[in-house]
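Dear colleague,

Please find below the structure that I am handing over to you. My notes on helix packing and aromatic rings follow it.

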Amino acid sequence: MKAHKIAGSVVCVYANVESTDLFEGIWPIPRGVSLNCYLVQGKKTALIDLIRDWSEAPKQVESALASIGSGFDKIDYLVLNHLEPDHTGWLREFRKINPHAEILATAKGINLVKTFYKEEQGLRAVKDGEKLDLGGPELVFFETPNIHWPETMMTWEPQSGTLFSCDGFGSFGSLGSRVFDDEFNPEEHAFYEAEGLRYYASIISSFSSFVSRGIDKIASLDIKCVAPSHGIVWREKPQTIIDRYRRYAGYSTGPAEKEITVIWGSMYGNTWQGVDAVIRGIKAEGVPCHVHRIPDEDPSYSLADAFRSSALVLAMPTYEYAMFPPMAYVLDIFRRKHIFGKTVFRIGSWGWAGGAKREYEAAIETLKWESVPSMEWAGAPTGQELAVLEERGRELARIVKA
Ligand code: FEO
């Protein structure tokens with residue numbers, strides 16, 4: 001693994017994680033994720049963010065450091081922007097190699113160093129706006145709480161104009177041998193954009209108001225490079241990812257995109273027949289439509305499209321007097337991730353008794369959704385019911401277009 005120079009004294013050293021493990025123990029990462037760290041060298045050397053022992057990440061970062069004549073033992077300051085273990089899990093091993101480096105984090109971050117890693121020595125809590133002189137370059141710390149945990153900060157290096165943003169402006173998807181935005185082609189950018197949205201919806205979306213505040217806070221900086229701890233390093237068009245995150249944060253309060261996400265489950269095809277009719281109606285109105293079947297597909301994919309869409313179609317049969325269980329899980333995730341402000345059409349089939357409606361209405365109580373009248377049918381839908389469903393799909397699409 002080699003290091004990638006951002007500017008004179010600023011270098012990206014990183015690890016590609018290719019693992020069947022779930023990110024945070026929940027989210028699949030079939031195309032991996034990167035753990036990015038950054039070295040800033042003056043008379044003193046700072047390493048910004050660390051890794052966990054995952055997919056040989058320590059060895060990868062060690063070899064990148066070695067490629068520029070550095071190493072974990074040569075670090076004077078370890079800056080921990082955020083204490084989640086994907087960035088800090090290897091801290092005790094780092095400490096064994098380098099007992100002298102001073103560890104810097106916000107006061108809340110230092111508390112987590114103590115509780116997670118039982119470290120008590122060589123810790124320094126930094127304040128919002130505090131500077132650290134490295135003898136040449138300097139670092140400035142900005143508290144940006146809840147992007148992604150309460151203790152989070154971003155680190156700014158003014159000489160190069162690099163913002164080390166940790167989880168903020170990050171993405172799923174490992175990087176391979178390239179790291180900079182100008183090194184990826186449009187197809188690759190489309191991949192990272194999709195994985196970036198899935199990352200945002202899964203990891204960050206419930207903190208969207210903090211994302212907006214964080215972006216306001218850094219707005220006056222002359223940012224030449226956005227250097228997150230996951231995904232692409234943005235040196236050519238840093239504003240692209242900042243604008244994208246501002247747009248994502250806005251989805252939480254609306255308006256979102258003029259698109260519809262259809263999430264459906266079906267036991268024996270009767271609910272599917274209704275879904276198919278609704279989709280025909282939506283498509284006839286020319287509104288983009290994302291279709292996800294559960295539980296075949298992990299909910300993070302429907303979560304991402306639901307987050308960006310103005311309207312949803314939720315289709316499920318009644319199952320044991322209640323909702324089809326995978327839909328109950330999806331709605332719970334939506335509640336936790338603040339998928340607010342959607343226009344929603346619920347449909348579904350029942351066998352010999354209904355019951356999905358009651359559980360559904362309780363599940364969406366806090367979601368601030370505008371529900372259009374739902375539609376249920378017994379067993380297989382009749383031709384007349386299919387015609388109504390198609391028309392209701394058209395009506396929903398017209399609401400979205402309006
Ligand atoms: Fe990449 Fe919230 O840790």
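Rings of Phe, Tyr and Trp, the last taken by its six-membered ring, count as a pair if their centres lie within 6.5 Å. By that criterion, the structure holds 21 aromatic pairs. Please bear in mind that this is a predicted model.

One of these pairs is formed by F23 and W54, whose ring centres are 6.3 Å from each other, with 40° between the planes; the pair is tilted. It joins distant parts of the chain, 31 residues apart: F23 belongs to the loop between β2 (10-17) and β3 (33-41), and W54 to the loop between β4 (45-48) and α1 (57-66). F23 is buried, with a relative accessible area of 3%, and W54 is likewise buried, at 4%.

A second pair consists of Y200 and Y245. The ring centres of Y200 and Y245 lie 5.1 Å apart and their planes stand at 80°, so this pair is edge-to-face. This pair, too, links distant parts of the chain, with Y200 in helix α5 and Y245 in helix α7, 45 residues apart. Y200 has a relative accessibility of 0% and counts as buried; Y245, at 1%, is also buried. Both residues belong to a cluster in which ring pairs link F169, Y200, Y245, Y248, Y251 and F307.

On the α5 side the contact involves E193, G196, L197, Y199 and Y200, which meet R244, Y245, R247, Y248 and A249 of α7. By class, this contact comprises 6 nonpolar, 1 polar and 3 charged residues.

Helix α7 also packs with helix α6 (residues 208-218), at an angle of about 145° and with the axes 8 Å apart. Here the crossing is left-handed. The contact is made by S208, V211, S212, I215 and D216 of α6 together with I242, Y245, R246, Y248 and A249 of α7. Its residues divide into 6 nonpolar, 2 polar and 2 charged.

Yours sincerely

Methods. Residues numbered from 1 in each chain as written. Predicted model: local features only at pLDDT ≥ 70, side-chain atom pairs only at ≥ 80, totals over all residues. Heavy atoms only, no water. Contact = heavy atoms within 4.5 Å. Helix = DSSP H or I, 4+ residues; strand = E, 2+ residues; numbered from the N terminus. Nonpolar A, V, L, I, M, F, W, Y, C, P; charged D, E, K, R; others polar. Phe/Tyr/Trp six-rings, centres within 6.5 Å; stacked < 30°, edge-to-face > 60°. Buried < 20%, exposed > 50% of the residue type's maximum accessible area, 1.4 Å probe, protein only. Axes fitted to C-alpha atoms, helices over the stretch in contact; angles between N-to-C directions. Left-handed = near helix turned anticlockwise from the far one by under 90°.
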